Amino acid sequence: MAVKLTKNELKVQKDRLKQFQRYLPTLQLKKQQLQSVVMQVTAQLERVEAERLKIVDGLDGWIAVFAENGSFPEGMRLDSLVRPKDVVCRDHNIAGVIVPVFEELTFEEISYDVADYPLWVDTAVVTLREIARLDALVKTLRTQVELLERELRSTAQRVNLFEKVKIPEARENIRVIGIYLGDQQTSAVVRGKIAKKKLQEAAR
């Protein structure tokens, strides 16, 4: 789009440049904050996934006793004793992004008669609850990473727009208008001198 070569437009372009230069550091800071938080959350996600995997791998020694689960009546199997109910999260603002933060995983209150089960079932229920809790935490952390990365991409695009397009464009417009107005001023001075000389010559 061609820029108007006027003093008013020069002022507009200078004001825009100031606005862009004032806003850019805020965007750059937000970008750095988001990059830092994404790294932190990603590291936490990796730790939780490793913890979950360790617990699941630890079940290998239980394979024989878990096989007994299939011999329990339909309504008495382990999955009937561990029923997740609600994932409780709170909203948290990170660099302007609202993300869910995991609080707890609640379970349905299920009572059972210990006399109906072998001794290992109590430990199995605790372990399966912990795996379910870690599953919910992993899901929440993945949502955090997704939301933060989306905002990071958007912020990085804005930083690039300001750095590589808007600021250079405003500077170039100011330069072009400045040259044009300077040339106009020089031409006006020259014309004035010529007119003055003619008036002086006519007065002789």
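Tutor: Rings of Phe, Tyr and Trp (for Trp, its six-membered ring) count as a pair if their centres lie within 6.5 Å; planes under 30 degrees apart make the pair stacked, planes over 60 make it edge-to-face, and the rest are tilted. The model is predicted, so local features need pLDDT of at least 70 and side-chain atom pairs count only at pLDDT 80 or more, while totals for chains, interfaces and linings use all residues. Residues are numbered from 1 along each chain as its sequence is written, and side-chain values use heavy atoms, with hydrogens and water left out.

Searching the whole structure gives 2 aromatic pairs. One of them joins Phe20 and Phe162: the ring centres are 5.3 Å apart and the planes stand at 75 degrees, so this pair is edge-to-face. Phe20 belongs to helix H1 (residues 7-58) and Phe162 to helix H4 (residues 120-203), so the pair ties together parts that are 142 residues apart in sequence. Helices here are DSSP runs (H or I, at least four residues), as are strands (E, at least two), and both are numbered from the N terminus.

For accessibility, buried means under 20% relative accessible area, exposed means over 50%, and partly exposed lies in between (1.4 Å probe, protein chains only). Phe20 has a relative accessible area of 15% and is buried. Phe162, at 10%, also counts as buried.

Next come the charged pairs. A salt bridge is a side-chain nitrogen of Lys or Arg within 4 Å of a carboxyl oxygen of Asp or Glu, and by that rule there are 9 salt bridges. Among them is Glu49 with Arg142, at 2.6 Å from N to O. Glu49 is partly exposed at 29% relative accessible area, and Arg142 is partly exposed at 47%.

Glu146 is partly exposed, with a relative accessible area of 46%, and Arg150 counts as partly exposed at 45%. Glu172 and Arg175 also meet in a salt bridge, at 2.8 Å from N to O, and lie 3 residues apart in helix H4, again about one turn. Here Glu172 is partly exposed at 36% and Arg175 is partly exposed at 44%.

Glu9 is another residue of helix H1. With a relative accessible area of 15%, Glu9 is buried. Taking contact as heavy atoms within 4.5 Å, and not counting residues up to four places away in sequence, Glu9 touches Val3, Lys4 and Ile177. Glu9 and Ile177 are 168 residues apart in sequence, yet their C-alpha atoms are 8.0 Å apart in space. The side chain of Glu9 also makes a polar contact with the side chain of Gln13, at 2.8 Å. A polar contact is a pair of N or O atoms within 3.5 Å; within protein, one must be able to donate a hydrogen and the other to accept it, and residues adjacent in sequence count only if both atoms are side-chain atoms.
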